[in-house]
Amino acid sequence: GINAEYMGILASDPPRYMLRFVRSVPVRAGYRLNSTIRQMSNHVEVGVPPPAQPTDTIFGKIIRKEIPAKIVYEDETSLAFRDVNPQAPTHILVIPKKQITQLSKTEDQDEALLGHLMNVARKVAKEEKLEQGFRIVINDGVDGGQSVYHLHLHILGGRSLKWPPG
């Protein structure tokens, strides 16, 4: 494959944009560069490599109420809140309170929690009156566009969503 040595996404308007430098991003033969970077409405989303060890994330700070969020649902194992950079009229994130970095890192013992997160997404979509439909998205890893390494489900709705995504 091809290697993009220093790929920088420059931003002039934080916080809508973030400055990120991704070193040695692999671009496989036959894939376009935007398999790792994709334009989504008014911002660029970059899949970044996972940390070597699980680290605290912005979602951990939201769970502990250290930073504000527009919370729409909370129970003993999960939290749902509005995305600060919505990609649809309704864009809500559902997260487990347990630190899990990625869906691909879950284990069989996480089965009940994973099912619970899907059920929370269903409840939230109903509360948000998304009767016409909605989409659930989980980004996993660099190629999946994951930028925060705390498992999260995106609920997108409120408009007709196109296929294929990304």
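A residue is called buried under 20% relative accessible area, exposed over 50%, and partly exposed in between, using a 1.4 Å probe and protein chains only. By that scale Lys65, with a relative accessible area of 45%, is partly exposed. This is a predicted model, in which local features need pLDDT of at least 70 and side-chain atom pairs count only at pLDDT 80 or more, while totals for chains, interfaces and linings use all residues. Residues are numbered from 1 along each chain as its sequence is written, and side-chain values use heavy atoms, with hydrogens and water left out.

- Helices (H or I, at least four residues) and strands (E, at least two) are DSSP runs numbered from the N terminus.
- Two strands pair if DSSP finds at least two bridges between them.
- Strand S5 (residues 71-74) runs antiparallel to S6 and is joined to S6 by 3 bridges.
- S5 and S6 make a hairpin, with 3 residues between them.
- Tyr73 has Ala80 of S6 opposite.
- S6 also pairs with S7, in the antiparallel sense and over 5 bridges.
- Phe81 has Leu93 in S7 as its bridge partner.
- S6 is largely enclosed by the rest of the structure, because 4 of its 5 residues are buried.

- Asp83 sits in the loop between strand S6 (78-82) and strand S7 (90-96).
- The relative accessible area of Asp83 is 16%, so Asp83 is buried.
- Contact means heavy atoms within 4.5 Å.
- Neighbours within four places in sequence aside, Asp83 is in contact with His91, Ile92, Leu93 and His154.
- A polar atom of the Asp83 side chain lies 2.7 Å from the backbone nitrogen of Asn85.
- Asp83 and Ile155 are 72 residues apart along the chain, and their C-alpha atoms are separated by 9.5 Å.

**Nonpolar cores**

- A nonpolar core is a set of buried Ala, Val, Leu, Ile, Met, Phe, Trp, Tyr and Cys residues joined through side-chain atoms within 4.5 Å.
- The largest such core has 15 residues, of which Ala80, Val94, Leu117, Val124 and Ile155 touch the most other members.
- S7, helix H2 (111-127) and strand S9 (153-157) are the elements that give two or more residues to this core.
- H2 gives the most to this core, with 6 residues.
- A second, separate core has 8 residues, including Ile62, Leu93, Ile95 and Val148.
- Not counting residues up to four places away in sequence, Val94 touches Leu79, Ala80, Leu117, Val120, Ala121, Leu151, His152, Leu153 and Ile155.

**Salt bridges**

- Side chains of opposite charge can pair when their charged atoms come close.
- A salt bridge is a side-chain nitrogen of Lys or Arg within 4 Å of a carboxyl oxygen of Asp or Glu.
- There are 7 salt bridges in the structure.
- Lys65 and Glu74 meet through their side chains in a salt bridge of 3.0 Å, N to O.
- Glu74, with a relative accessible area of 37%, is partly exposed.
- Glu74 also forms a salt bridge with Lys97, and the closest N and O atoms are 2.8 Å apart.
- This pair links distant parts of the chain, with Glu74 in strand S5 and Lys97 in the loop between S7 and H2, 23 residues apart.
- Lys97 is partly exposed, at a relative accessible area of 28%.
- Between Asp56 and Arg64, the closest N and O atoms of the salt bridge are 2.6 Å apart.
- Asp56 counts as partly exposed at 43% relative accessibility, and Arg64 counts as partly exposed at 43%.

How values were computed: A polar contact is a pair of N or O atoms within 3.5 Å; within protein, one must be able to donate a hydrogen and the other to accept it, and residues adjacent in sequence count only if both atoms are side-chain atoms.
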